[in-house]
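I opened a structure that was new to me today. I kept short notes as I went.

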Amino acid sequence: MAIQLGDVAPDFTADTTEGTVGFHEWLGTGWGVLFSHPKDFTPVCTTELGTVAKLKDEFAKRNTKVIAVSVDPLESHERWIGDINETQHTTVNFPIIADPERKVADLYGMIHPNASDTMTVRSVFVIGPDKKVKLTITYPAATGRNFNEILRVIDSLQLTAGYSVATPANWVNGEDVIIVPAVSDEAAKEKFPKGWEAKKPYLRITPQPNI
Ligand code: BEZ
């Protein structure tokens, strides 16, 4: 069965461009992003990995480690990193898992045979400090991901993990949020001292509580 939200992210040991990684141990106590790319030496993947390298500080600010995977071997990854660094004007600064036997790809259901039975789709798994899967996204091979969206989602996940709030459509960090319906008005008075605007009894808008 496909990995679902709330499942413990399957653990594995794999060779990567930064040495052997035991996934859960590597995650440590912070957040993690595991993302697949279909194939080395392909154009969209080259731009994606360069983009993630440039966002290192943004992921670090969110106490989040990133790790990529593809079904190509380590030697291929190592040669390709040179191209990524050259063409994307950056230095790849996160591990890329070599998965020629598709152990990680199969464990995480990253091969969708009706799309391709040789390449992974573009999967994203965001994993919380409890090692549970908080978010999954699947893109097809021809569509590069928006990694600013992944940062935005991590902001929402981290905020909603700590406060009884949800984030509305197109929310970005710093904007007003929604008090979850499970919190009564009485409890909300204590939890949200800045107050709220009730557009409907179930739609209560409050300033982001952690700023
Ligand atoms: C790419 O990364 O450009 C790509 C990879 C597989 C299929 C299509 C595009």
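**Entry 1: the whole chain.** I noted at the start that this is a predicted model. I looked up the secondary structure and found 7 helices and 11 strands in the protein chain. The C-alpha trace spans about 60 × 40 × 30 Å along its principal axes. I then checked burial: 45% of the 211 residues count as buried. The chain exposes about 10700 Å², and carbon and sulfur atoms supply 52% of that area. I also looked at contacts with a separation of 6 or more. Of these, 63% come from residues 24 or more positions apart.

**Entry 2: around the ligand.** Which residues surround the ligand? I listed Pro-38, Thr-42, Pro-43, Val-44, Cys-45, Met-119, Arg-122 and Ala-141. Sorted by class, this shell has 6 nonpolar residues, 1 polar and 1 charged.

**Entry 3: polar atoms at the ligand.** I went through the distances from ligand oxygen atoms. A polar backbone atom of Val-44 is 2.6 Å from an oxygen atom of the ligand. For Cys-45, a polar backbone atom is 2.8 Å from a ligand oxygen. Thr-42 uses its side chain: a polar atom there lies 3.0 Å from an oxygen of the ligand. I then looked up the cover. On its own the ligand has 260 Å² of accessible area, and the protein covers 79% of it.

**Entry 4: helix α2.** Which helix gives the most to the shell around the ligand? I found that α2, residues 43–54, does, with 3 residues. I checked its length next. The helix has 12 residues, so at 1.5 Å a residue it should span 16 Å. Its end C-alpha atoms are 17 Å apart, which agrees. I also looked up which α2 residues are buried. They are Cys-45, Thr-46, Glu-48, Leu-49, Gly-50, Val-52 and Ala-53.

**Entry 5: Gly-28.** Where does Gly-28 lie? I found it in the loop between α1 (23–27) and β3 (31–36). Its relative accessible area is 28%, so Gly-28 is partly exposed. Buried would need under 20%, and exposed over 50%. Last, I looked up Gly-28 against Leu-151. They are 123 residues apart in sequence. In space, their C-alpha atoms are 19 Å apart.

Terms used: Residues numbered from 1 in each chain as written. Predicted model: local features only at pLDDT ≥ 70, side-chain atom pairs only at ≥ 80, totals over all residues. Heavy atoms only, no water. Near = heavy atom within 4 Å. Polar contact = N/O pair within 3.5 Å; in protein donor to acceptor, adjacent residues only side chain to side chain. Areas by Shrake-Rupley, 256 points an atom, 1.4 Å probe, with all protein chains shown as cover. Helix = DSSP H or I, 4+ residues; strand = E, 2+ residues; numbered from the N terminus. Nonpolar A, V, L, I, M, F, W, Y, C, P; charged D, E, K, R; others polar. Expected span 1.5 Å × (residues − 1). Buried < 20%, exposed > 50% of the residue type's maximum accessible area, 1.4 Å probe, protein only. Contact = heavy atoms within 4.5 Å.
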